[in-house]
Amino acid sequence: MHIDLHTHTTASDGVLAPRELVALAERRGVRILSITDHDTVAAYAELEGLQTDLRLVPGIEFSTQWQRTEIHVVGLGIRLDDPALNRGIEMQQRSREQRTERIAAKLEKLGLPDPLPAVQAIAGTRAAGRPHFARHLVDTGKVADMGQAFKKYLAVGKPGYCRPEWAPLDEVIAWIQGAGGTAVLAHPAHYNLTRTRLAKLVTAFQEAGGNAMEVVSGVQAPGVTTSLARLCTKHGLLASCGSDFHQARPGGAQPGGYDAIPPSCTPIWHDWGIEGPQ
Ligand code: MN
Ligand code: MN
Ligand code: MN
């Protein structure tokens, strides 16, 4: 595909700096790219003044809450300086920090002395989160590896786990649309929902004013694409696609490296004035 509408950089949990990601996408033949970091648009400031033929669509990936499930919503074509959008981003970042503090308090009670400074040092300029706690648990010899850290402490239901508190679906959609953007339900097949609950989610998303859903998210089985395409057209949503690229890994999608959206769907770019092969 020449269009990739879901990628990450070092502004959140990706490994490539924004300019490195753009260069990789260009090399791979991507012509339209959106960088959609988690609850931040900081990558775009780093791209100011960059000369590129690639068309950049300003984007973000918000975490939200729907019926106790964490759901991600991508915003595309947003005005990056929109005040309400930026207030929303600040709220989300505060929620993330508060969760980090709650996890630290729990781990401290479990015998890990004052973990916060070390965890923040590991995270560096990024928002500290569970992977950084996992690293610290390994560094202090509490567990043998990162996987163990999650299994013993940090995964859902384990003693160091804290539920994140994100803005509800309709609020996040309002931030995106208020900034002139299009709200896209991200990677619907990744929430481990039953078929019935997934249909409920798509209905709720559409009723909350959502515009589109990712029918193709990275490397995915053809059967999954077919059923997502059906859900998408049934609910009158536009279809989006993206690699959800964080870093190169075996079996993972590179920028632009995934199947095309089935022709039964209306692609999100249908009125973006794009011609030729996609
Ligand atoms: Mn991520
Ligand atoms: Mn996501
Ligand atoms: Mn993502």
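Two residues are in contact when heavy atoms lie within 4.5 Å. In the protein chain of this predicted model, 70% of the contacts between residues at least 6 apart in sequence join residues at least 24 apart.

## Basis of the report

Residues are numbered from 1 along each chain as its sequence is written, and chains are lettered from A and ligands numbered from 1 in the order in which they are written. Because the model is predicted, local features need pLDDT of at least 70 and side-chain atom pairs count only at pLDDT 80 or more, while totals for chains, interfaces and linings use all residues; side-chain values use heavy atoms, with hydrogens and water left out.

## The chain as a whole

The secondary structure of the protein chain consists of nine helices and eight strands. Helices (H or I, at least four residues) and strands (E, at least two) are DSSP runs, numbered from the N terminus. The radius of gyration of the chain, taken over C-alpha atoms, is 19 Å. The globule rule (2.2 Å times the number of residues to the power 0.38) gives a value close to this, 19 Å for 278 residues, so the chain is as compact as a globular protein of that length.

Along its principal axes, the C-alpha trace spans about 60 × 45 × 40 Å. Of the 278 residues, 47% count as buried. Buried means under 20% relative accessible area, exposed means over 50%, and partly exposed lies in between, with a 1.4 Å probe and protein chains only.

Five strands form an open sheet in the order 4-5-6-7-8, with mixed pairing. Two strands pair if DSSP finds at least two bridges between them. The edges are strand 4 and strand 8 (238-242), each of which pairs on one side only. Neighbouring strands of this sheet are turned by 40° against each other on average, direction ignored. For such angles, axes are lines fitted to C-alpha atoms, for helices over the stretch in contact, and angles run from 0 to 180 degrees between N-to-C directions.

Strands of a sheet pair through backbone hydrogen bonds, either parallel or antiparallel. Strand 5 (residues 69-76) and strand 6 (residues 182-185) pair in the antiparallel sense over four bridges, and Gly75 has Ala183 of strand 6 as its bridge partner. Strand 6 and strand 7 are joined in the parallel sense over two bridges, with Met213 in strand 7 as the bridge partner of Leu185. Strand 7 and strand 8 are also parallel, over five bridges; here Ala212 has Leu238 in strand 8 as its bridge partner.

## Helices and crossovers

Helix 8 (residues 195-207) lies across strand 4, strand 5, strand 6 and strand 7 (212-217), running at about 175° to strand 6. Six of the six residues of strand 7 are buried, so this strand is largely enclosed by the rest of the structure. The path of the chain from strand 6 through helix 8 to strand 7 is a right-handed β-α-β crossover. Right-handed means that, with the strands pointing away from the viewer, the path from the first strand over the helix to the second runs clockwise. A right-handed β-α-β unit is also made by strand 7, helix 9 (residues 222-234) and strand 8.

Donors are N, O and S atoms within 2.8 Å of the metal (3.2 Å for Na, K and Ca); water is not among the atoms, so sites may look incomplete. His6 lies in the loop between strand 1 (3-4) and helix 1 (18-27) and Glu61 in strand 4 (residues 59-66), so the pair ties together parts that are 55 residues apart in sequence. His6 and Glu61 are both buried.

Asp13, in the loop between strand 1 and helix 1, and His38, in the loop between strand 2 (32-33) and helix 2 (42-46), are 25 residues apart. Asp13 is partly exposed, with a relative accessible area of 38%, whereas His38 counts as buried at 15%. The manganese ion (ligand 1) is 4.8 Å from the manganese ion (ligand 3) and 5.7 Å from the manganese ion (ligand 2).
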